[in-house]
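Subject: Handing over the structure

Dear colleague,

Please find below the structure I promised to pass on to you. My notes on what was found in it follow directly after.

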Amino acid sequence: MEAFSAKIPEAIHNILSHIPSLSALNAVVACTTVLAFIKLMRTSRSRLRTTKLRGPASSSFAYGVGKVLMEADDPASIYESWAHEYGAAYEVPSTLLRRRVILYDPKAIAHFHAKQSWTYVRTPFAKKSLEHGFGRGLFWADGESHKRHSLTPAFSIAAIRRLAPIFYDSAHKAKGAWNALIESSGEDNAIIDVQNWMNYISLDTIGLAGFSHDFGALEGKHASVTEIFDTFSSSTPASTLNIGLDLLAMVFPFLVRVPTPRSRLMWKLNRAMEEISNILLARTKQELDLGVVGDKEEKSVIGLLSTS
């Protein structure tokens, strides 16, 4: 028995001596390959238990149609053409043989959103992305956790009705700015970047309705948040590496934390919005302490939640 026991370490040593040493990169590649194989096995099993839907053919084994969509100038038109060809509910190939169901029917979409927090929960990739971008808040929560994050005071019918003038005012400011551009051109027409102006409309509306803060983007005022929005719209197309990371993160959610130019912009935007929220909350707390909140009507979402 002792002779047999003494030979075991020597035998293991002989086996290990024939295995080449692994570098850190090789180890990462090996682990990723094993994880990808496991994901593929799980995906193939799940496809046997779900209803088979029609859809476009895959253009890539690794990315499905994801890379084509992310490099397209107008991905929405591609989805629309697929809906006309394959019906109101179809599936598209995704990363590593996964498939995503696309809904193009209003009733199906309404059903999905009505059951979203309990029946149709978010994928690990979606939850990791929301947590990384916005923290563990309302958008991140599911099920019972979502129920605890109640926004009822801010989204009641009366509260929404009080916010309506803000949307009208933003649209009226945009109309006035466009008329000024046409008049300054010296002709009866002018080229207007509508997409950029829509960003300004959204920014001013969200600022006033959500935070009681006027960014003044429609009036040309300088603000850090406005600069970030301009950077989003004018940024260069994502590189092949960034596209690959985004698509692989659908299968390996930890890749969401890899820094990219877009994630850095999101971080800057969150920091700017956090500063504005802190100022509003501090002002509301001060008014509560002084007893002056009751003298005025708070309309913003953050203001209503802080006083409810």
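This is a predicted model: local features need pLDDT of at least 70, side-chain atom pairs count only at pLDDT 80 or more; totals for chains, interfaces and linings use all residues.

Which residues line the largest cavity? The lining is made up of Tyr63, Val65, Gly66, Val92, Pro93, Ser94, Thr95, Arg100, Leu247 and Met250. Sorted by class, these are 6 nonpolar, 3 polar and 1 charged residues. The volume of this cavity comes to about 40 Å³, and a search of the whole structure for cavities of 30 Å³ or more returns 1.

On confidence, the mean pLDDT of the protein is 75, with 68% of the residues reaching 70 or more. The part to treat with caution is residues 1-9, where pLDDT stays under 50 and where the model shows 0 contacts beyond four places in sequence.

As for the overall picture, the protein has 13 helices and 2 strands. It has 308 residues, of which 27% count as buried, and its accessible surface is about 20700 Å², with 62% of that area belonging to carbon and sulfur atoms. Among contacts with a separation of 6 or more, 59% are between residues 24 or more positions apart.

The loop between the strands deserves a careful look. Leucine 96 sits in the loop between β1 (89-93) and β2 (99-103), and leucine 97 is found in that loop as well. Most residues other than glycine have a negative phi. Leucine 96, however, has a positive phi of about 50° although it is not a glycine, and leucine 97 likewise has a positive value, near 70°. Leucine 97 has a relative accessibility of 41%, so it counts as partly exposed, lying between the cut-offs of 20% and 50%.

Turning to helix α6, which covers residues 124-134, the buried residues there include Leu130, Glu131 and Gly133. Glycine 133, which lies in this helix, has a relative accessibility of 17% and therefore counts as buried. Just after α6, glycine 135 takes a positive phi of about 85°.

A further pairing involves helix α12, which runs over residues 261-290 and contains serine 277. Serine 277 counts as buried because its relative accessibility is 14%.

If you open the model, you could begin with the lining of the largest cavity, including Val92 and Pro93, and then go on to leucine 96 in the loop between β1 and β2.

With best wishes

Key:
Residues are numbered from 1 along each chain as its sequence is written. Side-chain values use heavy atoms; hydrogens and water are left out. Helices (H or I, at least four residues) and strands (E, at least two) are DSSP runs, numbered from the N terminus. Buried means under 20% relative accessible area, exposed over 50%, partly exposed in between (1.4 Å probe, protein chains only). Contact means heavy atoms within 4.5 Å. Accessible areas come from the Shrake-Rupley method with a 1.4 Å probe; for residues, only the protein chains shown count as cover. On a 1 Å grid over the protein atoms alone, a cavity is a set of points where a 1.4 Å probe fits but cannot get out, and a pocket is an open set with protein on both sides within 12 Å along at least five of seven lines; lining residues have an atom within 4 Å of a point. Grid points are joined across faces, edges and corners, and a volume is the space filled by probe spheres set on the points. Ala, Val, Leu, Ile, Met, Phe, Trp, Tyr, Cys and Pro count as nonpolar, Asp, Glu, Lys and Arg as charged, and the others, Gly among them, as polar. pLDDT is the predictor's confidence in each residue, from 0 to 100.
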